[in-house]
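Please look over the model below before reading the points that follow.

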Amino acid sequence: MSTIPTEKTVLVFQGGGALGAYQAGAYEALHEAGIRPDWLAGISIGSINSAIIAGSPVDQRVDNLRTFWHRVSSGLPGHFLGNGNAMRKWFNESSAFLGSLTGVPGFFTPRVFAPWNIPGDPMAAISLYDTAPLQETLAGLVDFDLINSGAIRLSLGAVDVVSGNFNYFDNLDCTFSPKHVAASGALPPGFAPVEIDGRYYWDGGIVSNTPLQRILGGSELETDLCIFQVDLFSAKGVLPKDVFDVDAREKEIRFSSRTRLNTDQFRKLQSVRMAAKRLTEKLPPELKDDPDARLLEKIGNDCAVTMVHLIYRHAAYETGSKDYEFSRLSVEEHWKAGHDDVVETLNHPDWLNRTRPTNGIRIFDLAEQRLRGKKP
């Protein structure tokens with residue numbers, strides 16, 4: 001791949017349930033290309049994929065991702081005996097319905113609503129499923145000692161249920177356990193909040209379904225970054241034709257990343273930071289100790305960000321159930337789509353010939369160009 005020696009590699013994984021197999025496939029292609037992340041940031045299913053990658057030896061990362069996705073798709077069929085979008089939509093809807101009744105292996109099981117059980121388990125009163133299987137899966141699949149060693153930075157987003165504040169668990173200052181990963185994916189009312197150190201947390205997607213702002217919005221930008229943002233919902237879409245389309249489109253709008261907003265804000269902020277650095281370098285010695293000059297020096301930098309935006313584009317037969325439809329067939333399709341989009345991107349002339357951005361940030365969405373049939 002085209003590389004810039006000064007930059008660190010960051011993977012940003014959005015939430016999206018069963019669609020997360022797209023991220024796993026994307027990572028497989030990145031891994032095959034020799035790309036190794038320095039920082040992983042995730043929300044919900046993106047947190048699970050991130051934790052598996054960060055908590056696995058380099059040569060086991062793809063295999064462990066496959067183990068997880070094979071396990072969660074083992075309860076539903078992997079073969080579609082039919083033709084056309086209408087029949088495939090029926091297959092997907094049936095798979096999603098079956099999963100909602102019986103649960104997903106290694107992920108969650110339905111709660112038995114017996115009133116006499118609630119006093120002993122208050123979480124049973126406020127959730128439909130138990131995610132204890134997910135924590136067991138993570139404990140067996142993820143090396144949390146490796147995560148906590150800080151070999152790769154890991155940042156996972158969650159929401160404090162009581163305060164309503166967005167919170168990041170970060171291995172710079174947090175000791176990770178399976179609970180931290182499960183908390184980032186505890187989407188209500190399906191899943192109960194997860195208790196950590198006396199606080200209860202829900203899925204970070206309630207506030208923001210992407211951790212991109214963690215990367216771009218903080219004061220920690222100290223070097224050039226190459227960010228691969230792998231999204232599972234597209235902000236762009238078409239006018240719905242029926243109530244099934246409405247459900248799917250509403251989710252896309254609610255859970256899409258607002259990448260344009262985040263990157264536009266970053267571009268403006270970074271232009272100020274770059275100007276501050278240039279200005280402080282021009283100051284005469286007698287002004288360098290001025291409090292205003294010291295402030296400008298503190299915020300000033302000339303770091304550059306390259307962002308690769310990869311977005312799952314749903315198939316015509318997929319509806320609002322696509323994020324909880326865990327059939328083996330769909331998981332394998334999503335995995336392949338992610339893999340193919342990365343391969344397409346890394347072999348694109350624009351990517352192969354890229355240079356360091358001069359205005360703070362440059363964004364590549366090369367897979368979209370292919371899908372739209374546009375020339376670069």
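Is D203 buried or exposed?

1. D203 is buried, at a relative accessible area of 2%, where buried means under 20% and exposed over 50%, with a 1.4 Å probe and protein chains only. This is a predicted model, in which local features need pLDDT of at least 70, side-chain atom pairs count only at pLDDT 80 or more, and totals for chains, interfaces and linings use all residues. Residues are numbered from 1 along each chain as its sequence is written, and side-chain values use heavy atoms, with hydrogens and water left out.

2. In an unreviewed entry, UniProt lists S44 and D203 under "active site", an annotation that may be inferred rather than shown by experiment.

3. Leaving aside residues up to four places away in sequence, S44 touches G15, S184, G185 and D203, contact meaning heavy atoms within 4.5 Å.

4. D203 belongs to strand β8 (residues 199-203), strands being DSSP runs of E of at least two residues and helices runs of H or I of at least four, numbered from the N terminus.

5. Helix α2 packs against helix α3 (residues 61-72) at an angle of about 140°, with the axes 9 Å apart; the axes are lines fitted to C-alpha atoms over the stretch in contact, and angles run from 0 to 180 degrees between N-to-C directions. Residues I45, I48, N49, I52 and I53 of α2 meet R61, N64, L65, F68 and W69 of α3.
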